[in-house]
Amino acid sequence: MLRNSKDSFGLISILFHWIIALIFLGQILLGYLMSRVSDFTLQFSLFQWHKSFGFLVLGLSAVRLLWKAASVSPSNPESMTTIERVGSRIVHAALYGALFIVPLTGWAIASSSPLLIPTYMFNLVVIPSLPLQVSDNAEAFWTASHAYLAYFSATIAALHILAALHHHFWKKDAILTRMLRPSPAPAERR
Amino acid sequence: MPARKRLRRVQVIFAGMLAMAASVAAADTLSEVAGRYDIQPSSHIGFTVAQVGGGGITGDFKKFSGVFALNKSDIAHSMIDFTLYPESVVTGQARIENFLRSDAVFDTENFPTIKFKSTQITQTSPDTAVISGLLTARGKSSPATFQATLSGHGKNTITFHVDGKIMRSRYGMDVGTPIYSNVVQFDMTIEAQRT
């Protein structure tokens with residue numbers, strides 16, 4: 001029940017999926033809002049929360065990838081066409097990539113900004129800077145990359161959500177429900 | 001008397017003479033420098049706010065004014081009155097300066113000055129003193145203490161090195177803690193002209 005099986009997700013994979021999904025989408029919203037508030041005190045604090053949660057996404061995603069590598073992946077329903085399978089692979093790979101690339105470009109902003117504001121993750125751990133050029137131009141480049149990649153990721157996530165809903169309501173298969181709750185342990189199922 | 005003991009006695013006497021000379025010199029200095037002074041724009045009002053992981057924000061204030069009086073007979077009766085214009089903050093980073101001037105920190109629009117008025121000056125050695133007083137910033141007043149060291153004087157000029165630590169949270173300026181320290185370390189060179 002904790003681990004994946006040939007046709008279902010275990011609790012660990014399900015928790016990784018939803019916790020990271022929630023933080024990642026929350027981060028996109030927070031990132032949009034924080035760069036538009038005019039109150040400096042609030043803005044400073046929102047930026048620090050955004051950085052902390054960004055490193056949380058990065059850390060959780062690294063552990064999730066290891067967990068995925070050590071787990072079996074539930075197989076796709078027989079009814080899926082080749083195009084759907086290829087599409088699914090591309091979208092999933094893009095989402096996994098985004099979980100690393102988007103936080104890393106965020107880290108690059110904090111590292112290249114001449115403001116040199118330290119990253120103090122949840123006021124607990126100081127995160128060192130990446131060895132990048134520190135300048136206004138470098139900061140602007142990484143800021144733009146981070147924002148575009150984040151909004152692009154949001155588009156991919158929207159495709160992923162639409163596909164899940166399509167499976168659930170149109171094709172009426174278990175693609176969505178198997179990510180909502182773990183299947184009973186094999187012994188109980190028999 | 002063994003030679004070593006004699007030498008020791010000579011040393012003690014010599015040290016005693018030196019101490020007397022120093023205190024005479026100090027008394028001379030105080031009567032020499034007594035008077036009223038205007039703080040000159042050539043003074044330097046520097047500050048540092050440390051940050052986690054090392055480094056910090058270092059800057060200085062370009063605009064300030066102040067007067068002080070050194071009492072001839074008793075340093076304790078001296079006083080200082082100092083005004084700082086936080087709008088003049090310089091850090092070498094325009095975005096940091098704008099942040100400091102904003103209502104997140106100094107709120108220079110509503111509180112254009114930071115004032116310090118001494119309440120007690122205590123001499124701690126021939127050329128050092130502790131200055132206690134009331135610091136008013138952002139409409140809040142709280143006691144503050146600075147250490148002053150006489151670094152030189154001419155006939156009508158005098159120079160002090162002054163440093164002190166201010167807890168910015170007491171003045172409603174605790175934005176950014178604990179990434180940035182609550183302690184603002186002041187490092188000042190006060191150059192003054194007798195009036």
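The legends below describe close-up views of a predicted model. Residues are numbered from 1 along each chain as its sequence is written, with chains lettered from A and ligands numbered from 1 in the order in which they are written. Local features need pLDDT of at least 70 and side-chain atom pairs count only at pLDDT 80 or more, while totals for chains, interfaces and linings use all residues.

**View 1. Chain A as a whole.** Chain A holds five helices and two strands, where helices (H or I, at least four residues) and strands (E, at least two) are DSSP runs numbered from the N terminus. Their order along the sequence is α-α-α-β-β-α-α. The C-alpha trace of chain A spans about 60 × 35 × 30 Å along its principal axes. Of the 190 residues in chain A, 19% are buried; a residue is buried if 20 or more other C-beta atoms lie within 10 Å of its own, exposed if 12 or fewer, and partly exposed in between, with C-beta atoms placed from the backbone. Among contacts in chain A with a separation of 6 or more, 68% link residues 24 or more positions apart. Two residues are in contact if their C-beta atoms, placed from the backbone, lie within 7 Å.

**View 2. The contact of chain A with chain B.** Chain A contributes 12 residues and chain B contributes 14 residues. On the side of chain A that touches chain B, helix α2 (residues 40-69) of chain A gives the largest share, four residues. That side of chain A comprises nine nonpolar, three polar and no charged residues. In this classification Ala, Val, Leu, Ile, Met, Phe, Trp, Tyr, Cys and Pro count as nonpolar, Asp, Glu, Lys and Arg as charged, and the others, Gly among them, as polar.

**View 3. Helices α2(A) and α3(A).** The axes of α2(A) and helix α3 (residues 82-112) of chain A are 9 Å apart, at an angle of about 140 degrees. α2(A) is therefore oblique to α3(A): angles under 35 degrees count as roughly parallel, over 145 as roughly antiparallel, 65 to 115 as roughly perpendicular and the rest as oblique. Axes are lines fitted to C-alpha atoms, for helices over the stretch in contact, and angles run from 0 to 180 degrees between N-to-C directions. The crossing of α2(A) and α3(A) is left-handed, that is, the near helix is turned anticlockwise from the far one by less than a right angle (right-handed if clockwise). K51(A), G54(A), F55(A), V57(A), L58(A) and S61(A) of α2(A) meet L99(A), F100(A), P103(A), G106(A) and A110(A) of α3(A). This contact has seven nonpolar, three polar and one charged residues.

**View 4. Helices α3(A) and α4(A).** α3(A) and helix α4 (residues 136-170) of chain A cross at roughly 155 degrees, and their axes come within 9 Å. At this angle α3(A) is roughly antiparallel to α4(A). The crossing of α3(A) and α4(A) is left-handed. Their contact has 15 nonpolar, eight polar and one charged residues.

**View 5. Strand β1 of chain B and its partners.** Strand β1 (residues 35-39) of chain B runs antiparallel to strand β4 (residues 64-70) of chain B, joined by four bridges. Strands pair if DSSP finds at least two bridges between them. R36(B) has A69(B) in β4(B) as its bridge partner. β1(B) also pairs with strand β11 (residues 180-194) of chain B, in the antiparallel sense, over three bridges. Here the bridge partner of I39(B) is A192(B).

**View 6. Surroundings of L100(B).** L100(B) sits in helix α2 (residues 94-101) of chain B. L100(B) counts as buried because 23 C-beta neighbours lie inside 10 Å. Beyond its neighbours within four places in sequence, L100(B) is in contact with V89(B), V105(B) and F106(B).
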